[in-house]
Amino acid sequence: MYGLSLEAVRELIGHYNSIAMAIIEIEKLSKSYRVYQKQEGLLAAVRGLWHREYRDVEAVRTVDLKVEQGEFVAFLGPNGAGKTTTLKLLSGVIYPTSGTARVMGHVPWLRDNDYRRRFALVMGQKNQLWWDLPAQESFRLHERIYQIDKKEFTRSLNELSDLLQVQKLLGRPVRELSLGERMKMELIAALLHSPEVLFLDEPTIGLDVVAQHNIQQFLRYYQQQRKTTILLTSHYMKDIAALCQRVVVITDGAIKFDGSLSGIIDSFSGSKILKLQLSDGQSAEGLERFAEVTSVVLPKVALRCARAEVPKMLAAILQHYQVDDVAVEDPPLEDVIADLYQKSN
Amino acid sequence: MFALSLTNRVACWWMIFRIALEERLAYRGDFALGTLMRFLPIITQVFLWTAVFEAVGSGSSTARLAGYSLDDMIAYYLLSMLARAFSSMPGLASTIAKQIREGEVKKYIVQPIDLIGFMLLGRAAHKIAYYTVATLPFALVFYLCRGYFASGWPSSEILIAFVLSCVLGFLLGFFMDLCIGLVGFWFLEVSSLLFIYMLLNFFLSGHMFPLDLLSEPWKTIVDWLPFKYMAYFPAAIFLGKIPAEQLWWQVGTEALWLLGLIGLSRVLYSRGLKRYSGYGG
C-alpha cells in the first residue's frame, strides 16, 4: 500500500535493531551469594554441624551497562566490589539472581556453543593450559575445539607469538615458564579463535614491570587492529590509563562512575594541588593560613585547596610571598580513587 | 553439513585423546613404576589363598569354597585384577572435586566443549596408555599362571560377553567416579564420600574374594548393586560361574545401570552448574 512489503519492513526493523543494540547489554543484573556465617571457636563449629546461619552477600546489585562494539572498557573497584562476578556472569560461568544480560545477542548463562565460540575469558590467577605439556599442544586442542581453519590457525599463532615474542617458548612445558611467559601463552590461547568479545580479569596481576608493559602494549596494538570489544579488570592504574578510553567504577556491587579516566577526577575530586617554587630565602611559614600544606621541600611547597578557590587563593599567596614558579595540578588519580574506595567502605 | 560437523567432532575427540595420552606419558618413570607395582599383590594373594585352602581342606586338592577350588580361586583373582584394570579410576573423583573447588572447572564452562565427554576421552587415553605398558606383564603373569586355568579357554560366546563386560565395566566405573566427583558442586570436599565408596567397592565388587562366598541375604543384596560389575562379573563370566541362561540378562542389567549413571551424571552436572558460584575467585 505504501510501497513497502512486510518483508522489507521486517528487514528494516532488523537493521535498526542491529544498529541500536549494543554488543553487551546488561539490565538490572543482580547476583547474591549465600554464604555460611561461621562463628568463632570450637563450640560454634560443632553447633554449625546441624544449625547453620547463612547470610546473603550481594556481589552485584542491579547493574545497568551498555558496551558498544570495539570499546575497551576497564572495571575499576576495590577487592570484592563485584568486578569479577560481573565478568563471570557475562561469560556464563554463573547464573544471576535476577536481571538480564545479552552479549552479541546471546544470554551468557545459557552457554550455547555459538556464544562460546565468539568470546574468551582470561583470568590472571587461573591457568587454562595443560600444565605438563608445551603450550602449542593446548593451542592445537583449541584449533579443534573452536574449529579454527587450519590456515587461519597457523597465521594467528605466528602473528600472536611474534607480537608477544614467545616463538621459542612454544615447545616448552607450561610448568617451566615464568608467570609473565605463561600469561602471554594464556592470551594466545584465548585469542586464537579471534573472539569478538574478550574478558580479561586482572591479566597483569603479579607480573614485573617489563612483563606488564609488554602485555599492555600487546593489548593496545591488538585492540586497535582488530576492534575487539574488551572488558578488563585491573588494579594497576597504568594498565587502565594506557588502554581504556572508558572506565566503569564499581564499589559495593553497584556502578558509581562511568566515563573517561580523567572524568573520575572531575567528578570525585573537589580539590586541586598548587605547586609553588618559592624564591631564594623565602620560608614556607604561614602558608597554612591559606590552604592545607601537603608537602614542604624548600624551595618547593605543595598545597591542596578547593577547586573553586584556586584563583582567590593564588592571588592572596602571591601578595604575601615571592614565588618563582606556580603550577596548578589535579590530585594524583591514585589518591582520588583511594578516596573513592574508602568512601564506599 | 552433518557429515562435516561429525568429522569436526571426531577430529576434536581425537585431539583431546592424543593430548591426554601425551600428558600421561610426560612422567614416564612414575607411570611405568606405578603400572608395575600393581602386579606385586599377585604373589601375596597366591600365598594367602593357598594357606586358606590348606586350612580348610588340610591340603587336599579337592577342597572347595563355594564351588571354587584353589586353582579356580587364583584364576578368579587374576581375572578380577584384569577386570579392575578396566573399571578402576584412580584419582578421577578427587580430581573433578578439586577442579570444582579451585575454580578450574570454569575452563570447561567457558569453552565450547562438554565436560563429561572431555573427561571420558581423557580417561580412555589414560587407560590406553596403561594397557600399552601393562599388556606385556599381564601376558607374562597369565602365561606363568596358566596352570590355574583348569578348564582352558572358554567358548567364544563367553569370551565376547567377557570383553563386553570389561568395556562396560570401564564405563560404569567412570560414571560412578564421575558422579562422586560432581557431588563436589555441593560439598566441595568429597574425600570421605570417596573413601566410603572405595570401601564398598573393595568388598562388594568381588575384588577381595568371589561374591559366591557371601551368605544370604548379602549375596542377594550385592547381586542387586552395581559394584559387582567392576571385578566379580567379568571374572565369573570367564570362569563359567554365570549360568548360560542368565548371562545376557546380566550383561543387559549392567548396561541399564550404565544408562542410569549416565543420566544421573548429567543431572548432577546441570544442577551442580546452577548451584556453582565460581568458588576460588
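A: Let us begin with burial, for which a residue counts as buried if 20 or more other C-beta atoms lie within 10 Å of its own, as exposed if 12 or fewer do, and as partly exposed in between, with C-beta atoms placed from the backbone. In chain A, buried residues make up 35% of the 345 residues, and in chain B they make up 32% of the 281 residues. This is a predicted model, in which local features need pLDDT of at least 70 and side-chain atom pairs count only at pLDDT 80 or more, whereas totals for chains, interfaces and linings use all residues. Residues are numbered from 1 along each chain as its sequence is written, and chains are lettered from A and ligands numbered from 1 in the order in which they are written.

Q: Is A:Leu274 buried or exposed, and which residues does A:Leu274 touch?
A: A:Leu274 lies in strand β10 (residues 271–278) of chain A, where helices (H or I, at least four residues) and strands (E, at least two) are DSSP runs numbered from the N terminus. With 23 C-beta neighbours inside 10 Å, A:Leu274 counts as buried. Contact here requires that the C-beta atoms of two residues, placed from the backbone, lie within 7 Å; leaving aside residues up to four places away in sequence, A:Leu274 touches A:Ala291, A:Leu303, A:Cys305, A:Leu314 and A:Val328.

Q: Is A:Gln225 buried or exposed?
A: A:Gln225, which is found in helix α8 (residues 209–226) of chain A, has 10 C-beta neighbours inside 10 Å and therefore counts as exposed. Its C-alpha atom is separated by 31 Å from that of A:Ile94, 131 residues apart along the chain.

Q: How many residues of α3(A) are buried?
A: Helix α3(A) is mostly covered, with 8 of its 8 residues buried, among them A:Lys83, A:Thr86 and A:Leu90. Just after α3(A), A:Gly92 takes a positive phi of about 80°.

Q: How should I read the overall form of each chain?
A: Chain A has 12 helices and 13 strands, and its radius of gyration is 26 Å, well over the 20 Å that the rule gives for 345 residues, so chain A is more spread out than a compact globule. The C-alpha atoms of chain A fill a box of roughly 75 × 65 × 65 Å along the principal axes. Chain B has 13 helices and 0 strands, and its radius of gyration of 21 Å agrees with the value near 19 Å that a compact globule of 281 residues would have. For chain B the box is roughly 65 × 40 × 40 Å, again taken along the principal axes.

Q: What share of the contacts with a separation of 6 or more joins residues 24 or more positions apart?
A: In chain A such residues account for 71% of those contacts, and in chain B for 82%.

Q: At what angle do α7(B) and α8(B) cross, and which residues make the contact?
A: Axes are lines fitted to C-alpha atoms, for helices over the stretch in contact, and angles run from 0 to 180 degrees between N-to-C directions. The axes of α7 (residues 115–144) and α8 (residues 156–182) of chain B come within 11 Å and cross at roughly 130°. That makes α7(B) oblique to α8(B), since angles under 35 degrees count as roughly parallel, over 145 as roughly antiparallel, 65 to 115 as roughly perpendicular and the rest as oblique. The contact is made by B:Ile116, B:Met119, B:Leu120, B:Arg123 and B:Lys127 of α7(B) and by B:Phe170, B:Phe174 and B:Leu178 of α8(B). By class it has 6 nonpolar, no polar and 2 charged residues, where Ala, Val, Leu, Ile, Met, Phe, Trp, Tyr, Cys and Pro count as nonpolar, Asp, Glu, Lys and Arg as charged, and the others, Gly among them, as polar.

Q: How many residues bring the two chains into contact?
A: 26 residues of chain A are in contact with 23 residues of chain B. On the side of chain A that touches chain B, α5(A) gives the most, with 5 residues, and the residues of that side divide into 10 nonpolar, 7 polar and 9 charged.

Methods. The radius of gyration is taken over C-alpha atoms; the globule rule is 2.2 Å times the number of residues to the power 0.38.
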